[in-house]
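Take a look at the chain below. We will walk through a few of its features, one at a time.

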Amino acid sequence: MRRQRGRRGAAAGCVAALALLLAACGEDGYEPAGPFRPLPEGPPPQVGPPTESTPAPSPGDPADPGSGTAGGDPNVVATGLTVPTGLVVLPDGSAVVGERETGRLLQVFPDRSPAQELMVVPGIDTAGDGGLLGLALSPTFDEDGLFYAYVSTATDNRVVRFPLAGTPNPVITGIPRGEVHNGGGLQFAPDGTLYVGTGDTGNPALAQDPASLGGKVLHVDVFGQPVSGAGPVYSSGFSDVTAICPSGDEAGTLYAVDESSAGPDELDELVQGSDHGWPAAGAGTIAPVLEIDNAQGGLGGCAAAGTTVFLGALDGQRVAVVQVDGNGGVTEDPAELLAGRYGRLRTVVLDSEGGLWVTTSNRDGIGTPAEDDDKVLRILPPSSTGSSPL
């Protein structure tokens, strides 16, 4: 049963509130420095030099003496970063990671070649826990070369899109901004629509306020327009949605992680129109798939493949591996990967070869950084028929 968190009940929706929500999409604030072309003339921009298709080493393999990393850990593909958050895997098998504190985008490689800086996303405000909080690839990236980012400005949180070295242009604006709980979940669905996870900014009432985009999961198209006629809000009643991940199964199951400082963190299954009970569970509230207490949680990342969900835990300093049963529950206690080995773990992303990319978050003002932190890791997680030495 979901724990009560001293929350108040949901507010009623209204037509005026929906109008407010629609007005918040794609307007206000960000000043483009030049024209935006959804489809560039000619081929999409290149993201660094081509690399050989070298498979990543298995955990425990000896280090490659030619590695660009400072140490010999075969799990580490990049070091010396500053709070890496959003990460996306490119078609060539390399990845682009964004730094929360600087707005830098860097390309990192599974063969552990040196990371390459690609650009700095401008206009980011890093006060509190804000900054560059999420990253996604355009569903037509091969044609348009566009990145989508969830960022904090001085006045709001917003989703922007841009080609490499291009000016960010707004997709959704007016998401509430605070010192804490700024959200950042960003995930394209197979149909090319975009899910956006937001936070309550430390004001729990926003999660049930139909006139606010805070504490919600939004569902929009690539231009920021609501997918349904009811407005951009897909699900409500969240504290801080830091990541969203589809299972990839035939049912199209979609998960979100909700991080809370006032109760257990949650893995939630998203359903259109669902209320997930923050700040007060009531009639119609959907129970979480899994609750993780604060000491083991601090959920910051989510990746799923079928019935397996990987959760990056900041405070728990591990990746939790959850087996779900398809009926809104879990089949066994979560397993652990990397427990205590690399400190606070945030983003988790699966690539097409089954590799799990993980970012550390030890330079976020809470962790205890090693000299070469922060890092990007790539590991081979356990399979259903075997175990990993991790």
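**Rings, a sheet and an arginine**

Start with the rings: F141, F147 and F162 form one aromatic cluster. Keep in mind that this is a predicted model.

How many aromatic pairs does a search of the whole structure find? The search finds four. A pair of aromatic rings is described by two things, the distance of the centres and the angle of the planes. Take F147 and F162. Their ring centres are 6.2 Å apart, and their planes meet at 15°. Planes under 30 degrees apart count as stacked, so this pair is stacked. The two residues come from distant parts of the chain, 15 residues apart. F147 sits in strand 7 (residues 146–152). F162 sits in strand 8 (residues 157–163). Both F147 and F162 are buried.

Now turn to another aromatic pair, Y195 and Y234. This one is edge-to-face. The centres are 5.2 Å apart, with 80° between the planes.

Next comes a sheet. Strands of a sheet pair through backbone hydrogen bonds, either parallel or antiparallel. Here, four strands make an open sheet in the order 14-15-16-17, and the pairing is antiparallel. Which strands stand at the edges? They are strand 14 (241–246) and strand 17 (290–292). Each has a single partner strand, so one side of each is left without a neighbour in the sheet. On average, neighbouring strands of this sheet are turned by 15° against each other, direction ignored.

Strand 14 and strand 15 (residues 254–258) run antiparallel and are joined by five bridges. You can pick out a bridge by its residues: A243 has V257 in strand 15 as its partner.

Finish at R318, in strand 20 (residues 318–323). Is R318 buried or exposed? Its relative accessible area is 17%. Buried means under 20%, so R318 counts as buried. Its side chain reaches the backbone oxygen of G316 at 2.6 Å. What else does R318 touch? Leave aside its neighbours within four places in sequence, and its contacts include Q296, L311, G312 and A313. E336, L337, L338, A339 and L345 are also in contact with R318.

Methods: Residues are numbered from 1 along each chain as its sequence is written. This is a predicted model: local features need pLDDT of at least 70, side-chain atom pairs count only at pLDDT 80 or more; totals for chains, interfaces and linings use all residues. Side-chain values use heavy atoms; hydrogens and water are left out. Buried means under 20% relative accessible area, exposed over 50%, partly exposed in between (1.4 Å probe, protein chains only). A polar contact is a pair of N or O atoms within 3.5 Å; within protein, one must be able to donate a hydrogen and the other to accept it, and residues adjacent in sequence count only if both atoms are side-chain atoms. Contact means heavy atoms within 4.5 Å. Rings of Phe, Tyr and Trp (its six-membered ring) pair if their centres lie within 6.5 Å; planes under 30 degrees apart count as stacked, over 60 as edge-to-face and the rest as tilted. Two strands pair if DSSP finds at least two bridges between them. Axes are lines fitted to C-alpha atoms, for helices over the stretch in contact, and angles run from 0 to 180 degrees between N-to-C directions.
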